[in-house]
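Work through the exercises below with the structure open. Try each task before reading its solution.

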Amino acid sequence: MSVRRTLTITALCGCIAGGASSHPLAPALLALEAEPTGEVAVRWKLSRLQPTGSELRPVLPPHCQALDAPRVTVGDSQVSESWRVDCGEQGLVGHTLAVSGLERSRTDALIHVRLADGRSVRGLVNAGQAVFLVPARESTMSVARDYVGLGVEHLLTGLDHVLFVIGLVLLVSGWRALVATVTSFTLGHSVTLSFATLGWVRVPTLLFELAIAFSILLLGAELARRDDGVSWLRRWPWAMAFGFGLLHGFGFAGALNEIGLPQGDIPLALLSFNIGVELGQLMIVVPLVAGIVLAGERLALVPPLLARVPAYVIGSLAAYWCIERAALML
């Protein structure tokens with residue numbers, strides 16, 4: 001019976017993995033680059049994975065007239081369109097940009113406008129704030145607010161990062177060890193996030209995505225082990241968390257590079273995004289730890305097989321991502 005239950009749980013986890021994605025709701029991106037002549041190059045990027053029934057489309061100012069038909073490029077995870085419009089002497093400053101269909105979608109849309117004089121402004125639209133008014137210049141407060149929100153969203157919508165954080169909480173025992181482990185993970189991904197975003201280090205995207213998946217697989221396997229000894233992962237969880245945090249930092253940097261950084265506020269945007277990632281991390285750690293504390297001694301009554309279900313879920317999803325990302329590399 002124990003073997004059959006184990007196989008059943010593993011099969012169910014595999015089914016879950018088959019339909020899961022590490023970042024299923026990546027934000028859409030509307031990028032506009034204005035020229036002194038009044039012409040504007042438009043780029044619209046959208047994840048191929050969107051909720052059923054939702055259709056996101058950019059809405060430009062009515063005086064901007066299309067000059068050519070959109071050119072469509074279909075990638076593994078995104079669909080891109082690019083075309084040119086003529087906004088004349090009115091330009092973009094002081095006019096609104098929007099994305100239709102956000103009320104039916106759980107994702108946000110990033111807006112990046114490069115003005116004719118070289119300055120850049122950025123904004124974020126969603127179901128609660130569907131319109132972005134193009135300002136002459138971004139305020140410091142808006143930069144901080146938007147990039148904190150993007151950091152939180154990226155952490156919480158990235159199932160691979162979420163599962164790794166959950167695995168860290170389940171791996172260690174004692175609040176001191178947990179604080180040291182989570183802090184080490186934070187330091188690790190902060191280093192590579194900064195280095196990669198600033199262009200000091202470059203790593204092939206698929207390579208570090210595969211490495212991230214493998215780190216989660218290794219963590220899931222460790223959680224599924226019986227207590228027949230203390231492994232190096234359990235003996236030095238902070239070192240493991242720091243090392244794997246370096247890998248996950250490249251994942252965060254990949255998302256931030258897609259969004260872009262405001263040229264006049266690069267340090268602020270980078271710090272704000274990192275703060276947002278940490279806030280998202282705390283949104284996972286705090287409720288999970290609170291639940292474990294409230295459960296108290298009742299956790300000891302959970303059957304061993306049932307107690308390893310989280311490990312099976314984490315490991316199965318990670319195994320699926322490893323196979324998927326390795327196949328893409330090949």
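**Fold and disulfide exercises**

Residues 24 or more positions apart make up 74% of the chain's contacts (heavy atoms within 4.5 Å) with a separation of 6 or more. The model is predicted: local features need pLDDT of at least 70, side-chain atom pairs count only at pLDDT 80 or more, and totals for chains, interfaces and linings use all residues. Numbering starts from 1 along each chain as its sequence is written, and side-chain values use heavy atoms, with hydrogens and water left out.

**Exercise 1.** Count the helices and strands of the chain.

*Solution.* Take helices as DSSP runs of H or I with at least four residues, and strands as runs of E with at least two. The chain then has 10 helices and 10 strands.

**Exercise 2.** Find the disulfide and place its two ends in the chain.

*Solution.* Step one: search for cysteine sulfur atoms within 2.5 Å of each other. The structure holds one disulfide. Cysteine 64 is joined to cysteine 87, S to S 2.0 Å. Step two: locate the ends. Cysteine 64 lies in the loop between β3 (57-59) and β4 (65-66). Cysteine 87 lies in the loop between β6 (78-86) and β7 (96-100). The two are 23 residues apart, and the pair links distant parts of the chain.

**Exercise 3.** Determine the handedness of the disulfide.

*Solution.* The torsion about the S-S bond of cysteine 64 and cysteine 87 is about 115 degrees, so the disulfide is right-handed.

**Exercise 4.** Is cysteine 87 buried or exposed?

*Solution.* Buried means under 20% relative accessible area, exposed over 50%, partly exposed in between (1.4 Å probe, protein chains only). Cysteine 87 has 3%, so it is buried.
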